[in-house]
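Please examine the sequence and the three-dimensional structure shown below.

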Amino acid sequence: KTGWGEMSTTERSKVLNKIADAIEEHVEMLAVAESWENGKPVRETLNADIPLVIDHFRYFAAAARAEEGTSTEIDQDLVADVARRLPDVTFAFVGPPQCDLSRLEACPNIVLLGGKPHGMLPHYIREFDIGIVPYRLADYTSNVYPTKLNEYLAMGIPVVATDLVEIQRFNHDHGQIVSIAKDAEAFADAIRRTLNAPAPELVDRRVEVARSNSWRARIDRMTA
């Protein structure tokens, strides 16, 4: 068996999510068991304590995947299709190449800027009209929390993303602040609508949401 220290970040994330899944499957039994142990009302453990434990495991599973941050998470077919639908829009990607990017390199309006120092990223994001999270939908991205989301919102820019579970949860918690697209046509339409109708009144709201959803803020809530 592989020990925790020898596991890849992907494997660690899967283990943490499996634990969260197991807790969700037996949430009522665990709530009753905890109530027997500490004397709390079952409704309190069922509606607060156990969901918080699940959130802990899902949060750190997403954090583990975010540390890996591989280019394989990007749906290149989707991005290339969206770029073809919006020939007058330039798509810029910042980050070291970690897989075959030939599908993106073939698109004249896609610019691959390569890896940049982390401290320089805000300077690039500041020039974006829209931040995109075009992650492919697959088992290994089902519980990925894209750190790019907070980076975009912290700069006040709008975000268009694929229909990731974590993005759905994010919108549920913070309102429909991220535009979710289920396919290339919807993704391109969302970008076009946002470019044609910017909403400067939402900038402060995005920054506020990013601040409240920072890792430090989330950890503080978990440990309060």
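**A guided reading of the model**

The largest cavity holds about 40 Å³ of space. The structure is a predicted model, in which local features need pLDDT of at least 70 and side-chain atom pairs count only at pLDDT 80 or more, while totals for chains, interfaces and linings use all residues. Residues are numbered from 1 along each chain as its sequence is written, and side-chain values use heavy atoms, with hydrogens and water left out.

Rolling a probe the size of a water molecule over the atoms shows where empty space is left. A cavity is a set of points, on a 1 Å grid over the protein atoms alone, where a 1.4 Å probe fits but cannot get out; its lining residues have an atom within 4 Å of a point. The grid points are joined across faces, edges and corners, and the volume is the space filled by probe spheres set on the points. In the whole structure, the search finds two cavities of 30 Å³ or more.

Which residues line the largest cavity? They are L78, V79, V82, F91, I132, P134 and F187. This lining divides into seven nonpolar residues, no polar ones and no charged ones. Here Ala, Val, Leu, Ile, Met, Phe, Trp, Tyr, Cys and Pro count as nonpolar, Asp, Glu, Lys and Arg as charged, and the others, Gly among them, as polar. Helix α4 (residues 76–85) gives the largest share of the lining, three residues.

The chain as a whole has eleven helices and five strands. These elements are DSSP runs numbered from the N terminus: helices are H or I runs of at least four residues, and strands are E runs of at least two. Of the 224 residues in the chain, 40% count as buried. Buried means under 20% relative accessible area, exposed means over 50%, and partly exposed lies in between, with a 1.4 Å probe and protein chains only. A contact means heavy atoms within 4.5 Å. Among contacts in the chain between residues at least 6 apart in sequence, 63% join residues at least 24 apart.

The strands come next. Two strands pair if DSSP finds at least two bridges between them. Strand β3 (residues 131–133) pairs with β4 in the parallel sense over three bridges, and G131 stands opposite V159 in β4. Strand β4 is also joined by three bridges to strand β5 (residues 179–181), and these two run parallel. In this pairing, A161 stands opposite I180 of β5.

In a regular strand the side chains alternate between the two faces of the sheet. Are the faces of strand β4 (residues 159–162) covered or uncovered? Both are covered: V159 and A161 on one side, and V160 and T162 on the other, are all buried. Strand β1 (residues 91–94) has a covered face, formed by F91 and F93, and an uncovered face, formed by A92 and V94. Four bridges join β1 to strand β2 (residues 110–114), and the two run parallel. The bridge partner of V94 in β2 is G114.

G115 is found in the loop between β2 and α6. With a relative accessible area of 44%, G115 is partly exposed. Leaving aside residues up to four places away in sequence, G115 touches G95 and P96. The C-alpha atoms of G115 and P97 are separated by 7.5 Å, although these residues are 18 apart along the chain.

A further loop, between α6 (121–125) and β3, contains R126. R126 is partly exposed, since its relative accessible area is 49%. Its side chain and that of H123 are joined by a polar contact of 3.5 Å. A polar contact is a pair of N or O atoms within 3.5 Å; within protein, one must be able to donate a hydrogen and the other to accept it, and residues adjacent in sequence count only if both atoms are side-chain atoms.

T194 belongs to helix α9 (residues 184–196), and a polar atom of its side chain lies 2.8 Å from the backbone oxygen of A190. Not counting residues up to four places away in sequence, T194 touches I130 and P158. N150, in helix α7 (residues 147–154), is buried, with a relative accessible area of 13%. By contrast, R211 in helix α10 (residues 203–212) is exposed, with a relative accessible area of 57%.

Key: 1 Å grid on protein atoms, 1.4 Å probe; cavity = no way out; pocket = protein on both sides within 12 Å on 5 of 7 lines; lining within 4 Å.
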